[in-house]
There are 2 protein chains.
Amino acid sequence: MNTIDALDNVGLLSLNQYTTRRWSVREAAEGCARAGLRYIGLWRDKVAKTGLAESARICKDNGLTVSSLCRGGMFPAASEPQRRTNIDDNRRAIEECVELGSSTLVLVCGGLAGCAIDDARRMVREGIAAILPYASERGVRLGIEPLHPMFAADRSVISMLGQALDMAEEIDPSRVGVIVDVYHVWWDPDLFAQIERARGRIYGFHVSDWLVPPPDVLLGRGMMGDGVIEIRRIRAAVQASGYSGPIECEIFNRDIWAMPEDEVLALMKQRYLEHC
Amino acid sequence: MNTIDALDNVGLLSLNQYTTRRWSVREAAEGCARAGLRYIGLWRDKVAKTGLAESARICKDNGLTVSSLCRGGMFPAASEPQRRTNIDDNRRAIEECVELGSSTLVLVCGGLAGCAIDDARRMVREGIAAILPYASERGVRLGIEPLHPMFAADRSVISMLGQALDMAEEIDPSRVGVIVDVYHVWWDPDLFAQIERARGRIYGFHVSDWLVPPPDVLLGRGMMGDGVIEIRRIRAAVQASGYSGPIECEIFNRDIWAMPEDEVLALMKQRYLEHC
């Protein structure tokens, strides 16, 4: 494969900026440009540090489209005032998507937050319903990202793709979709049926790998090819279900965070071509 | 509540011996007797160290019924000879159940073992089918224990209660049941419907708690009451679904393993009464 083919084949690859955690928005955007990438996935804490308008300008100057903004969500709360605060924060996240040109807000829906699990799930549904009109008016899509069940208590009471689709359908299936992250869903016995069911409603696709044994609960993700996930099979199913957007590489892992970032991007591109 | 009531109320409580990991079969059995327990859950590695006949005698001498033997399963393997070896090992586990008077063999079905996930799941189904006649002839029930999805790669490709019931039905629903362990299934959005579906086919019930954040992937279980699982609600559902057998407390946690074992048993009894 020559360089032009390789570049073309990584054309959908997006760096989720937490894969290079130490980098600022500027460093990440310039790194992506050096690596020939066209997409970047941003995080709100990083954007806040650089400034919203400045982050948008930096991405534009480096020829990058923002594939998604992480994260909205975190709806459950033990008190009504806190729930309203969380919903207000989601409105700000939607505005940030507009400013950054990101078509999608990733929803990490929130954990128990001291509530019973049924109540927490109801708060998620009500929270998404509350922000949906605001998102729709601004042309921002809401993507529910089911998180691995090991995060059910503290990050997302939405754990499975089918559960996310059920919730999207209860709210508005034409305007609420899902984010498929292989790390979170690879083990699901109903995965491929649910990906098919999600036709037209997949708003994002994330890749990494599941290491064996996992070195950590939160920071245990591996580079594609270092673990056991059938990434290519899942990618094929997601694309067969109509998704043609960017493919974000999102890895939380101390060893990768300790690598020189340009090397991380080179490795990511190589592994993407080999395993995704 | 007076002492006699309390003793009566812990009448279903069983010590899974890995909760007191340092203890031998004899130490655990004598500890259970001191604590007024009637049941113990044994592990094969511990039984092998003490000797099978000796372990059976010790339990009997201490007035204990063996609530279950852990573990059979581990069916997937990359080679046919290894698969046959694994099946032979399950036959030995069944014989050990007979000798120990345990009505149930707990099946931890096995991880990927280098196989594609669909193949690994097929090997589990074929493995259970292969040992079922042997188990039935000897009056030993096979209980599929779905393990938390974070163990899908290395311990069990059977992750959900519904998936376990599907598999049991494919093989023989009158002779293959499930083990419900709150730690593994509490997050399942379909949990209560699946418990109801499992009527008459629940062969064991395990309790512990989910700590937030989990201190470890493998050794992160907590004592009942220290985490977020709605244990009492799940217990009520399991009993409403016809299960009336022992309730095993199974905790893998370094802090608990470091405690004096008699204190662990006293705490377990107290927390069982308060939270289960």
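Me: Where is B:R155 placed?
Reply: B:R155 is in the loop between β5 (141-144) and α7 (161-171) of chain B. Helices (H or I, at least four residues) and strands (E, at least two) are DSSP runs, numbered from the N terminus. Before we go on: this is a predicted model, where local features need pLDDT of at least 70, side-chain atom pairs count only at pLDDT 80 or more, and totals for chains, interfaces and linings use all residues. Residues are numbered from 1 along each chain as its sequence is written, while chains are lettered from A and ligands numbered from 1 in the order in which they are written.

Me: OK. Is B:R155 buried or exposed?
Reply: B:R155 counts as buried, with 22 C-beta neighbours inside 10 Å. The rule: buried means 20 or more other C-beta atoms within 10 Å of the residue's own, exposed means 12 or fewer, and partly exposed is in between, with C-beta atoms placed from the backbone.

Me: And what does B:R155 touch?
Reply: B:V108, B:G111 and B:L147, not counting residues up to four places away in sequence. Contact means that the C-beta atoms of two residues, placed from the backbone, lie within 7 Å.

Me: How far is B:R155 from B:C109?
Reply: In sequence, 46 residues. In space, 7.0 Å, C-alpha to C-alpha.

Me: What about the surfaces the two copies use?
Reply: The same surface serves both: 100% of the contact residues of chain B recur in chain A.

Me: How many residues does each chain bring to the contact?
Reply: Chain B gives 21 residues and chain A gives 21 residues. On the side of chain B, 16 are nonpolar, three polar and two charged. For these classes, Ala, Val, Leu, Ile, Met, Phe, Trp, Tyr, Cys and Pro count as nonpolar, Asp, Glu, Lys and Arg as charged, and the others, Gly among them, as polar.

Me: Now the core. Which residues touch the most other members?
Reply: A:V178 and B:V178, out of the 191 residues in the largest nonpolar core. A nonpolar core is a set of buried Ala, Val, Leu, Ile, Met, Phe, Trp, Tyr and Cys residues joined through C-beta atoms within 7 Å.

Me: What is A:V178 in contact with?
Reply: Leaving aside neighbours within four places in sequence, its contacts include A:I144, A:L161, A:A164, A:L165 and A:A168. In helix α7 (residues 161-171) of chain A, the buried residues include A:L161, A:A164, A:L165 and A:A168.

Me: What covers the buried residues of α7(A)?
Reply: Among the covering elements of chain A are α6 (117-137), β5 (141-144) and β6 (176-181). α8 (182-185) and α9 (191-197) are also included.

Me: Helix pairs next. How do α5 and α6 of chain B pack?
Reply: Helix α5 (residues 80-100) and helix α6 (residues 117-137) of chain B pack at about 40 degrees, with their axes 10 Å apart. Axes are lines fitted to C-alpha atoms, for helices over the stretch in contact, and angles run from 0 to 180 degrees between N-to-C directions. The crossing of α5(B) and α6(B) is right-handed. Right-handed means that the near helix is turned clockwise from the far one by less than a right angle; left-handed, anticlockwise.

Me: Which residues make that contact?
Reply: Among them are B:R83, B:N86 and B:I87 of α5(B), with B:M123, B:G127 and B:A130 of α6(B). By class, the contact of α5(B) with α6(B) has seven nonpolar, three polar and two charged residues.

Me: Where is the cis peptide bond in chain A?
Reply: From A:C70 to A:R71, with omega near -5 degrees. A:R71 is in strand β3 (residues 65-73) of chain A. In chain B, a cis peptide bond joins B:C70 and B:R71.

Me: What is the phi of A:M74?
Reply: About 50 degrees, positive although A:M74 is not a glycine. A:M74 lies in the loop between β3 and α5 of chain A. A:M74 is buried, with 20 other C-beta atoms within 10 Å.
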